[in-house]
Amino acid sequence: MIESDRELSAMVQELWDNDVNRLKPGKDYRISLQGKAGDSLAMNDDNNDGAGYPLFTFVDENIFKKETFLAFISLLDNYESDTGEPEIVTPEEVAENHKFLDLIIQTPTMKIAHKYLVEKNLSPADNTKFKEQLNRIWFELYARRGSSRPDSSGFEHVFVGETRGRRTVIGFHNWIQLYLQEKLGHIDYKGYSVNANSPQPDENKHILALQFSWKNGIKPKGSIFIGVSPEFEFALYTLCFLSSPNERVKVQFSYYDVEIVCHHYNQKHIGTTYPVLL
């Protein structure tokens, strides 16, 4: 591993060890991997569907009463999923964003990430200014490819998901949104994704590559953390965005070998970010 990866890996391990709100597979939630998704991208192609049942068989929803989970979930319905549709941000939504940021900067994982970023001169030490930086990276709107008006944000793309041309799902890398949308009947899980180089998926692992449809669109291959807290993902992705000039960074933590993909938008915002199991 190259040097910077080693340093970042140590940081990610520290975030992982301090993610006190992480769920335990088999205890706090259970998933059913079923079969491998096919390669066809047709919406209603039954030959493509490797899964006849939902991905989540059980989630202890008491977890969602925890402050950061509650604040995170309140943000999920604030967006218009179709790219090209301008986002109208209400004062209530702005308040919800701030409340979420206020809560997560108090968590152990975000405090660890903040301390490291301050030491590297990548973030301001002052909490209010740090919150402004997080707000810009994650919540400030920008125009995604093919749009002339601000219709997207890092948060919307990564955690909520968007549709392009109403047929393709882009972003959508969060397990809580996946679970909640599946429960509402908006998600059809099509099976797990593997290629020649990727490890076999495991129901007890916290990272999964999968295929699903959402609303009328298909996500041919998505990759997500499962069971981690919102503050862990926020801390990890912010850390990678600010500390690595590369859009792909390899890290080792717990028993995972992972590539964190993090595309920048204008160097100011997160375009997309997600984990890939190596």
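What share of the 278 residues in the protein is buried? Buried residues make up 54% of them, where buried means under 20% relative accessible area, exposed over 50% and partly exposed in between, with a 1.4 Å probe and protein chains only.

## About the model

This is a predicted model, in which local features need pLDDT of at least 70 and side-chain atom pairs count only at pLDDT 80 or more, while totals for chains, interfaces and linings use all residues. Residues are numbered from 1 along each chain as its sequence is written, and side-chain values use heavy atoms, with hydrogens and water left out.

## Overall build

Welcome to the protein as a whole: there are eight helices and ten strands in it. Helices (H or I, at least four residues) and strands (E, at least two) are DSSP runs, numbered from the N terminus. Along the principal axes, the C-alpha atoms fill a box of roughly 55 × 40 × 35 Å.

The radius of gyration, taken over C-alpha atoms, can be set against a globule rule of 2.2 Å times the number of residues to the power 0.38. With 278 residues, a compact globule would have a value near 19 Å, and the protein agrees with this at 18 Å. A contact means heavy atoms within 4.5 Å. Of the contacts in the protein with a separation of 6 or more, 64% are between residues 24 or more positions apart.

## The nonpolar core

A nonpolar core is a set of buried Ala, Val, Leu, Ile, Met, Phe, Trp, Tyr and Cys residues joined through side-chain atoms within 4.5 Å. The largest one has 78 residues, and Trp138, Phe155, Trp175 and Phe234 touch the most other members. Helix α8 gives the largest share of this core, nine residues.

Take a look at Trp175: leaving aside neighbours within four places in sequence, its contacts include Leu23, Phe56, Phe69, Phe225 and Glu233.

In helix α2 (residues 67-75), the buried residues are Thr68, Phe69, Ala71, Phe72 and Leu75. They lie on the same side of α2, because they cover an arc of only 165 degrees around the axis; the arc is that of the directions from the helix axis to the C-beta atoms. Their cover includes α3 (91-104), α6 (154-160), α7 (175-183) and α8 (230-243).

Gln181 lies in helix α7. This residue counts as buried because its relative accessibility is 12%. Not counting residues up to four places away in sequence, Gln181 touches Phe172, His186, Ile187 and Trp214.

## A hairpin and an open sheet

Two strands pair if DSSP finds at least two bridges between them. Strand β6 (residues 207-214) and β7 pair in the antiparallel sense over seven bridges, and Ala209 has Ser223 in β7 as its bridge partner. The two strands form a hairpin with two residues between them, and Lys215 in the turn has a positive phi of about 55 degrees. Strand β7 (residues 217-225) is mostly covered, with seven of its nine residues buried.

Further along, three strands make an open sheet in the order β8-β9-β10, with antiparallel pairing. β8 (248-253) and β10 (269-277) stand at the edges with a single partner strand each, so one side of each is left without a neighbour in the sheet. β8 pairs with β9 (residues 256-265) over six bridges, and Phe253 stands opposite Tyr256 in β9.
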